[in-house]
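Hi,

Here is the structure I promised to pass on. Have a look at it first, and then read on for what turned up.

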Amino acid sequence: MTDAQLVSRSQAGDLPAFEELVQKYQREVYGLACRMVSDVEEAKDLAQQAFLQAFVHIRSFRQDAQFRTWLFRIAINQCYNFLKSRRKFGDPIDCDELNLAGAEPSPEADLLAQDQRRRLYEALERLPAKQRAVITLKVEQGLSYQEISQVLGGTAGAARVNYCQALKTLKKHIQTEDDHEVAMRSSKTVAARVPRR
Amino acid sequence: MKWQCALLKRWLPEYPDGDLPAWGKSWLGSHVPGCSACRQELAELRQVIAAIEATPVAEPAPEFWGEFSRDLHLKLVQAAQEGQAAPEATSSRWFRLPYLLGAPAMAVLLLYVAVQFTGPGAPIQEQAVVMHLPAPPPAQDQALVKRESAAKRAAVSRKAPAPAAEVAAAPALPMEPMEQIVTVALEDGAPLPVEEVDLSSWDLDAELAGMTDQEKHVFLNKMHQRKKDGSCVEGFSFCSWG
Ligand SMILES: [Zn+2]
């Protein structure tokens, strides 16, 4: 069934239809939240909150838009709210949780992977939230600038500026920590995902 | 930094075949291969992208998604029982407003928007910049028409609320700096034939922010010159860039 059909059914109160949409997008929404807040437990909560909000407001969704970008927008807003409250209450950001979660004693390649992961997450952490959002929407979710502008507001051109700026800032952060050595190293072995727990 | 580099650098990640209009691709395609600075910058940006792609969010443990679905299912059932699903009418007040006020109010609203974006007192960021090489009058008219339509597009895109803007739990996102609409011609001696280029969404402030003082100086002088010799036709104050 297409998104449009599933949304129509959901709007008519069909919960299983909505849960099919959840199944379809839960990984993307969770991944987005992970990138935004760098905390797997919070990301799980935020992803659930995003789906819950989408469900509650499903009738306000107009079919001329894409459900996926609408959902991403809700998820990003949940993350913004979370980041705002975390800033207010001063929780420290723990990037180790994402980087090293479940990592087992590992051979050298995995250590390298962990190191690269840590550097990248730290660099991402230091980006403004909006630039972090643009990076993940563009690189990981494959959205066009037009779609990104629908998620984040603003124009497609603004999304393009944010994306380019974010790449440059990341480059600077990574290189600074790097002393021109590790992080930018070509990394075929690094792509392996580290299972958690 | 050559001023073409300054204009093109934001599109570099899209080289050679990314999310750009055809003319943008062809401009990039004619510039990048011959410009070592842009090639260097591009290589570094690609390394960053590769690093992100090589470092995906860790896949959660196998039981994670089962748990996720069960938890969420309970929340959804509860929301459904509490009848939280929003009635359609509450969602679209922005779109209903014109209907409530009727056509006259809509006309006033449109007039307001038009004045806002084209009037003499419009904030500098919202004005359009047009500069082009000395050209016969028809081309100039064309540029103006183009500018107007670009300004209209911009006005529409800024005023149209995004789909989920009304979601109660979704606060307004941080404001984006307004972007300039720029129509320029390619520089003398550029590899492409001289043509007008609609650089809608070109953010001058962002460009200038990325330059050193000296580059900024050269760049602004160049635009000043074009303004003086009549090749930049739109009145545009440069003082806001200082
Ligand atoms: Zn160049």
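Let's start where the two chains meet: α3(A) and helix α4 (residues 63-81) of chain B pack at about 35°, and their axes lie 10 Å apart. Before going further, a word on what this is: a predicted model, in which local features need pLDDT of at least 70 and side-chain atom pairs count only at pLDDT 80 or more, while totals for chains, interfaces and linings use all residues. Residues are numbered from 1 along each chain as its sequence is written, chains are lettered from A and ligands numbered from 1 in the order in which they are written, and side-chain values use heavy atoms, with hydrogens and water left out.

On terms, the axes are lines fitted to C-alpha atoms (for helices over the stretch in contact), with angles running from 0 to 180 degrees between N-to-C directions. Helices (H or I, at least four residues) and strands (E, at least two) are DSSP runs, numbered from the N terminus.

Back to that pair. α3(A) passes α4(B) in a right-handed crossing (right-handed if the near helix is turned clockwise from the far one by less than a right angle, left-handed if anticlockwise). On the α3(A) side, the residues that meet α4(B) are Lys44(A), Ala47(A), Gln48(A), Gln49(A), Phe51(A), Leu52(A), Phe55(A) and Val56(A). Their partners in α4(B) include Phe64(B), Phe68(B), Leu72(B) and Leu76(B), along with Glu67(B), Asp71(B) and Lys75(B); contact here means heavy atoms within 4.5 Å. Sorted by class, this contact has 11 nonpolar, two polar and four charged residues. For the classes, Ala, Val, Leu, Ile, Met, Phe, Trp, Tyr, Cys and Pro count as nonpolar, Asp, Glu, Lys and Arg as charged, and the others, Gly among them, as polar.

Now chain A by itself. Its secondary structure comes to nine helices and zero strands. If you take the contacts in chain A between residues at least 6 apart in sequence, 68% join residues at least 24 apart.

Within chain A, helix α2 (residues 15-37) packs with helix α7 (residues 129-140) at an angle of about 145°, the axes being 9 Å apart. α2(A) passes α7(A) in a right-handed crossing. Leu32(A), Arg35(A) and Met36(A) make the contact from α2(A), and α7(A) brings residues including Ala129(A), Arg132(A) and Leu137(A). The class count for α2(A) with α7(A) is five nonpolar, one polar and three charged residues.

Ser38(A) has a positive phi of about 50° although it is not a glycine. Most residues other than glycine have a negative phi, and most peptide bonds are trans. Ser38(A) counts as buried because its relative accessible area is 3%.

Arg86(A), in helix α4 (residues 67-89) of chain A, is buried with a relative accessible area of 8%. Arg86(A) sits 49 residues from Val37(A) in sequence, and their C-alpha atoms are 9.7 Å apart in space. His173(A) belongs to helix α9 (residues 156-178) of chain A and is buried too, at 15%. Leaving aside neighbours within four places in sequence, His173(A) is in contact with Ala123(A) and Arg126(A).

Over to chain B, which has eight helices and three strands. From the N terminus on, its elements run α-α-α-α-α-β-α-β-β-α-α. Buried residues make up 43% of its 242 residues.

What coordinates the zinc ion? Cys5(B) (SG), His31(B) (NE2), Cys35(B) (SG) and Cys38(B) (SG) do, at 2.0 to 2.3 Å. Donors are N, O and S atoms within 2.8 Å of the metal (3.2 Å for Na, K and Ca), and water is not among the atoms, so sites may look incomplete. The angles among the four donor atoms are 105 to 118°, and the site is tetrahedral (four donors with all angles between 85 and 135 degrees). The donor residues are spaced C-x25-H-x3-C-x2-C in sequence. Cys35(B) is buried at 5% relative accessibility, and Cys38(B) is buried at 4%.

Last one: a cis peptide bond joins Tyr15(B) and Pro16(B), with omega about 0°. Pro16(B) is in the loop between α1 (3-8) and α2 (22-31) of chain B.

Cheers

Technical notes
Four donors count as tetrahedral if all angles lie between 85 and 135 degrees; four count as square planar and six as octahedral if opposite donors are over 155 degrees apart and all others between 65 and 115; anything else is irregular. Buried means under 20% relative accessible area, exposed over 50%, partly exposed in between (1.4 Å probe, protein chains only).
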